Amino acid sequence: TSVFPNPFNDAATLFIESNQKYFEATLYIYDVYGREVKRSTINQQQTIINKDDLSQGMYFYKVEMKSNSGDENTGTGKLIVE
């Protein structure tokens with residue numbers, strides 16, 4: 001997974017880079033203390049992360065994905081909101 005732009009002001013795009021089509025994915029965003037601050041269901045390889053509920057600072061994300069063939073995969077990274 002990757003996020004662009006990062007850092008971002010209003011919104012960023014999360015890319016799930018995979019050769020498989022994922023039919024179910026969940027995005028979790030955590031603050032620096034490990035508290036979950038946002039959760040979203042994703043059903044495509046690109047999704048927009050809006051700043052809406054996020055204040056300025058650093059966050060961590062985790063994407064849990066399941067493919068049509070039953071494979072599971074996890075992507076993680078850092079988000080910076082300006």
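# Close-up views of the model

**View 1. Lys62 and Glu64 are joined by a salt bridge.**
Lys62 counts as partly exposed because its relative accessibility is 24%; the cut-offs are under 20% for buried, over 50% for exposed, and partly exposed in between, with a 1.4 Å probe and protein chains only. This is a predicted model, so local features need pLDDT of at least 70 and side-chain atom pairs count only at pLDDT 80 or more, while totals for chains, interfaces and linings use all residues. Residues are numbered from 1 along each chain as its sequence is written, and side-chain values use heavy atoms, without hydrogens and water. Glu64 is also partly exposed, at 33% relative accessibility. The two side chains meet at 3.3 Å, N to O. A salt bridge here means a side-chain nitrogen of Lys or Arg within 4 Å of a carboxyl oxygen of Asp or Glu.

**View 2. Two further salt bridges involve Arg35 with Asp31 and Arg39 with Glu36.**
The whole structure holds three salt bridges. In the pair of Asp31 and Arg35, the closest N and O atoms are 2.7 Å apart. Asp31 is buried because its relative accessible area is 10%. In the pair of Arg39 and Glu36, the closest N and O atoms are 3.0 Å apart. Arg39 is exposed, at 53%. Glu36 is partly exposed, at 37%.

Look for Thr26 in strand β3, residues 22-30. Strands are DSSP runs of E with at least two residues, numbered from the N terminus. Is Thr26 buried or exposed? Thr26 is buried, because its relative accessibility is 18%.

**View 3. Strands β6 and β7 form a hairpin.**
β7 covers residues 72-81 and pairs with β6 in the antiparallel sense. How many bridges link β6 and β7? There are 10 bridges. Two strands count as paired if DSSP finds at least two bridges between them. Strands of a sheet pair through backbone hydrogen bonds, either parallel or antiparallel. Follow Glu64 across to β7, where its bridge partner is Thr74. Four residues lie between the two strands. In that turn, Gly70 has a positive phi of about 95°.

**View 4. β6 carries Met58 and Met65.**
β6 spans residues 57-67. Met65 is buried because its relative accessible area is 5%. Met58 is partly exposed, at 34%. Side chains alternate between the two faces of the sheet in a regular strand. Met65 and Leu27 are 38 residues apart in sequence, yet their C-alpha atoms are 8.9 Å apart in space.

**View 5. Five residues make a nonpolar surface patch.**
They are Val32, Tyr33, Met58, Phe60 and Ile80. The patch has an area of about 480 Å². Accessible areas come from the Shrake-Rupley method with a 1.4 Å probe, and for residues only the protein chains shown count as cover. Patch residues have over 30% relative accessible area and no salt bridge; nonpolar side chains (Val, Leu, Ile, Met, Phe, Trp, Tyr) are joined within 5 Å, like charges within 9 Å.

**View 6. β1, β2 and β5 build an open sheet of three strands.**
The order is β1-β2-β5, and the pairing is antiparallel. Which strands form the edges? They are β1 (2-4) and β5 (46-50), and each pairs on one side only. On average, neighbouring strands of this sheet are turned by 30° against each other, direction ignored. Axes are lines fitted to C-alpha atoms, for helices over the stretch in contact, and angles run from 0 to 180 degrees between N-to-C directions.

**View 7. β2 pairs with β1 and with β5.**
Three bridges link β1 and β2. Val3 stands opposite Leu14 in β2. A hairpin of six residues joins β1 to β2. On the β5 side there are five bridges. Phe15 faces Gln46 there, and Thr13 stands opposite Ile48.

**View 8. Ser18 sits in the loop between β2 and β3.**
β2 covers residues 11-15. Ser18 is partly exposed, at 26% relative accessibility. Ser18 and Gln45 are 27 residues apart in sequence and 8.3 Å apart in space, C-alpha to C-alpha.
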